[in-house]
Amino acid sequence: KTYSVVERDQVIWAWYHPEDIDPFFEVMENPELNDPDWAPLERYLWTYKSTPQEIAENGVDVAHFKYIHQTDSVPEGETKYEGVVRHSMAEGPNTMLDGDGNEVEFSARVDTIQNGAGQKWSRFQGFVDSLLMVLVTPIDSQNVEMRFAFTHRDYKEGSFEYRTAKDFIQSVIGGVRGLEADIVIWHNKMHLKEPLLCDGDGPIMQFRKYFAQFYVGGPYGDEPSRLSVVKTATG
């Protein structure tokens, strides 16, 4: 068996469909990854129990950023769905210590794009600018390989901005403020078809409706096959 593949953004992307349908959308390209003013990719890998949907859904649960990752506040923003693409934006105030040890407040913004079930990235703008690609490869129905690939503006090595960018990467991947706090939850959580949600949980059901299009027969096997939709759309 062979797969349609394309090399883009320093990643080899393979298209998988259980009914062997040809790709019906393209892998998007990030200009930062071909820009000499941005640093080489910094990559990390984890293997653990989860699914691509659970990992993507994590970003929709905006309340958890404050109560799990200890951000200064619950991010506020908006989300748009256009076919296979989801674009979310969140912004809010943040604080940090500058090079002289003084506390400074700045506006932080995160733009996240999801293109299909397999391509997702986030642009972080604030005291420093950085880009994170979230690369999830399913191993089987219960386990995944998760790769994070970071880049940031090519700040002068040793500068305060350079150290801040590196510290930001470590805060995203480690400790209670980073990915490792999510992994503990993913290992133990249970997926509920109809969860009991609170007002601050975020538009989780809207996200699930969007993500359902990437399953044959829907996530619960009770919806029409995407195959018929694709055939209609392409004539």
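Visitor: I am looking at I12; does I12 count as buried or exposed?

Guide: The general idea is to express how much of a residue can be reached as a relative accessible area, where buried means under 20%, exposed means over 50% and partly exposed lies in between, with a 1.4 Å probe and only protein chains considered. I12 has a relative accessibility of 65%, so I12 counts as exposed. I12 belongs to strand 2, where strands are DSSP runs of E with at least two residues and helices are runs of H or I with at least four, both numbered from the N terminus. Before we go on, note that this is a predicted model, in which local features need pLDDT of at least 70 and side-chain atom pairs count only at pLDDT 80 or more, while totals for chains, interfaces and linings use all residues. Residues are numbered from 1 along each chain as its sequence is written, and side-chain values use heavy atoms, with hydrogens and water left out.

Visitor: Which residues form a nonpolar patch on the surface with I12?

Guide: A patch is built from residues with over 30% relative accessible area and no salt bridge, joining like charges within 9 Å and nonpolar side chains (Val, Leu, Ile, Met, Phe, Trp, Tyr) within 5 Å. Here I12 forms a nonpolar surface patch with Y3, V5 and Y16, and together the four have about 480 Å² of accessible area, a value from the Shrake-Rupley method with a 1.4 Å probe, for which only the protein chains shown count as cover for residues.

Visitor: How many salt bridges does a search of the whole structure find?

Guide: A salt bridge is a side-chain nitrogen of Lys or Arg within 4 Å of a carboxyl oxygen of Asp or Glu, and the search of the whole structure finds 7 of them. One of these joins the side chains of D20 and K1, with 2.5 Å from N to O. This pair links distant parts of the chain, 19 residues apart, since D20 is in the loop between strand 2 (11–15) and strand 3 (42–49) while K1 is in the segment before strand 1 (4–8). D20 and K1 are both exposed.

Visitor: What is the distance between the closest N and O atoms of D111 and R109?

Guide: In the salt bridge of D111 with R109 those atoms are 2.6 Å apart. D111 counts as buried, at 12% relative accessibility, whereas R109 is partly exposed, at 30%. The side chains of D129 and R153 also meet in a salt bridge, at 3.0 Å from N to O. D129 lies in the loop between strand 7 (119–125) and strand 8 (130–138), and R153 in the loop between strand 9 (143–152) and helix 3 (160–173), so this pair ties together parts that are 24 residues apart in sequence. R153 counts as partly exposed, at 35% relative accessibility.

Visitor: Why is strand 9 described as largely enclosed by the rest of the structure?

Guide: It is described in this way because 7 of the 10 residues of strand 9 are buried. To read its neighbours, remember that two strands pair if DSSP finds at least two bridges between them. Strand 3 and strand 9 run antiparallel and are joined by 8 bridges, and one example is Y44, whose bridge partner in strand 9 is F148. Strand 8 also pairs with strand 9 in the antiparallel sense, over 9 bridges, with L135 standing opposite R147 of strand 9, and a hairpin of 4 residues joins strand 8 to strand 9.

Visitor: How many aromatic pairs are there?

Guide: A pair of aromatic rings is described by the distance of the centres and the angle of the planes. Rings of Phe, Tyr and Trp (its six-membered ring) pair if their centres lie within 6.5 Å, and planes under 30 degrees apart count as stacked, over 60 as edge-to-face and the rest as tilted. By this rule the count is 16 aromatic pairs. Among them, Y44 and W46 are stacked, with 6.3 Å from centre to centre and 20° between the planes, and W46 is buried, at 15% relative accessible area. The rings of F207 and Y210 have centres 6.1 Å apart and planes at 50°, so that pair is tilted.

Visitor: Where do F207 and Y210 lie?

Guide: F207 and Y210 are both in helix 5, 3 residues apart, about one turn of the helix. F207 counts as buried at 0% relative accessibility, and Y210 counts as buried at 5%. Ring pairs also link F207 and Y210 with Y81, F211, F214 and Y215 into a cluster.
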